[in-house]
Amino acid sequence: MAEIPSGSQDKVAVLDSGPEKAELQLAVDPVATSNLSVKAPEFYPPGYNQNFNQNFTDSSFEDRCDGYLTLAEYIQDFLNHLTEQPGCFETEIEQFAETLNGWVIADEALQELVELIYQQATSVPNFSYMGARLCNYLSHHLTISPQSGNFRQLLLQRCRTEYENRDEATKGDETTRKQFHAFVLFLAELYLNLEIKGTKGQVTRAEILQEGLRELLNALFSNPVDSNLICAVKLLKLTGSVLEDAWKEKGKNDMEEMIQRIENVVLDANCSRDVKHMLLKLVELRSSNWGRVHGTTPHAEATPENDPNYFMNEPTFYTSDGVPFTAADPDYQEKYQELLEREDLFPYYEENGADLSGPGELYFDEIDDEMDPEIEEAYEKFCLESEHKRKQ
């Protein structure tokens with residue numbers, strides 16, 4: 001028998017049975033015995049509550065609450081579940097409210113519910129929007145309405161506690177300001193999502209929140225450190241168009257005053273270059289009517305002929321001669337497909353814009369986007385002068 005040379009990993013032997021024929025035979029390893037058991041318990045990720053999904057899919061109130069020792073534990077479990085799987089809101093919120101109606105039957109329980117939702121919305125990143133939607137739903141579907149106030153009234157009272165400390169909070173240390181900024185953005189989401197139903201069935205926003213947001217902006221601009229200004233920018237990007245419309249309906253010029261304060265901050269405040277750039281971009285956004293185009297047609301009836309926004313979200317490309325073409329051009333689809341088929345269209349970037357270039361990439365390493373201080377100052381003045389001229 002001719003053996004495989006020493007050191008080879010292939011377990012193959014050639015059986016030499018004479019000049020007439022030779023055949024291959026594989027050496028078979030013994031079957032390894034597994035330590036895994038078919039009776040092993042199911043695997044659950046860390047922090048996963050095995051009772052949660054079972055409780056929420058069972059039909060009876062008693063079954064859903066089985067396994068929870070307290071109301072706080074039940075509510076916190078649902079909030080964590082909603083944080084991890086926000087898509088389940090529509091399918092599970094009705095059952096959650098129904099369970100609360102069977103459990104929240106005292107003032108203390110209602111106050112505990114409000115506090116847990118408030119803490120989740122102001123301490124967990126990206127939960128402020130979902131928290132505001134949850135508050136809106138519960139404000140219309142919880143049946144308990146004690147003398148101390150219903151769900152919405154207790155929620156607004158809780159927010160008022162933070163609101164009244166706004167001047168101290170904007171001057172506080174980094175941790176204090178961070179907590180305050182989370183509250184500000186949650187209040188902004190409440191303003192956009194909390195629906196107030198009038199006696200005639202009309203739906204409006206909570207006017208008290210509108211006035212509160214204006215005072216919060218004043219407090220942030222009165223203490224123009226970077227973090228306060230960044231929070232103000234986020235707040236206005238989120239609610240600016242809605243606030244301006246509401247103020248205009250009352251004949252107020254509040255947004256003009258806010259823009260004037262921003263321009264003064266850019267000129268006078270000792271904030272960073274990046275924050276000044278953010279403020280200038282916000283002024284520019286407001287100059288374009290917050291990015292809106294009037295005279296639009298409802299989406300279901302929109303066509304390229306009757307809706308100026310029809311192609312607004314489509315990308316603009318340029319031909320080799322520098323001529324722009326958009327989705328409004330007849331040959332757009334053909335040209336767009338041609339661009340997509342080029343393998344080297346964006347060689348260093350993923351679809352989400354993540355930079356894939358390594359540390360040795362000459363082009364990306366040598367780009368210097370720093371602006372000369374004198375040019376930067378001249379640019380900022382130019383932007384402000386342009387804004388003043390536009391108003392005139």
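The axes of helix H5 (residues 107-123) and helix H7 (residues 151-163) come within 10 Å of each other and cross at roughly 50 degrees. The model is predicted. An angle under 35 degrees would count as roughly parallel, and one of 65 to 115 as roughly perpendicular. H5 and H7 are therefore oblique to each other. Their crossing is right-handed. On the H5 side, the contact involves Leu110, Gln111, Leu113, Val114, Glu115, Ile117, Tyr118 and Gln119. These residues meet Phe151, Leu154, Leu155, Arg158, Cys159 and Glu162 of H7. By class, the residues of this contact comprise nine nonpolar, two polar and three charged.

The crossing of H10 and H11 is left-handed. H10 contributes Gln210, Leu213, Arg214, Leu217, Leu220 and Phe221 to the contact. From H11 come Asn228, Leu229, Cys231, Ala232, Leu235, Leu236, Leu243, Ala246 and Trp247. The contact of H10 with H11 divides into 12 nonpolar residues, two polar and one charged.

Gln210 was examined individually. This residue lies in H10, which spans residues 207-222. Neighbours within four places in sequence aside, Gln210 is in contact with Tyr191, Leu243, Ala246, Trp247 and Lys250. Among these, Leu243, Ala246 and Trp247 also belong to the H11 side of the helix contact. Gln210 can also be placed relative to Ala188, which is 22 residues away along the chain. The C-alpha atoms of Gln210 and Ala188 are separated by 8.8 Å.

His81 is found elsewhere in the chain, in helix H3 (residues 71-84). Its relative accessible area is 7%. With the same cut-off of under 20%, His81 is therefore buried. The His81 side chain makes a polar contact with the side chain of Glu92, at 2.9 Å. That distance falls within the 3.5 Å limit for such a pair of N or O atoms.

Conventions:
Residues numbered from 1 in each chain as written. Predicted model: local features only at pLDDT ≥ 70, side-chain atom pairs only at ≥ 80, totals over all residues. Heavy atoms only, no water. Helix = DSSP H or I, 4+ residues; strand = E, 2+ residues; numbered from the N terminus. Contact = heavy atoms within 4.5 Å. Left-handed = near helix turned anticlockwise from the far one by under 90°. Nonpolar A, V, L, I, M, F, W, Y, C, P; charged D, E, K, R; others polar. Buried < 20%, exposed > 50% of the residue type's maximum accessible area, 1.4 Å probe, protein only. Polar contact = N/O pair within 3.5 Å; in protein donor to acceptor, adjacent residues only side chain to side chain. Axes fitted to C-alpha atoms, helices over the stretch in contact; angles between N-to-C directions. Parallel < 35°, antiparallel > 145°, perpendicular 65-115°, else oblique.
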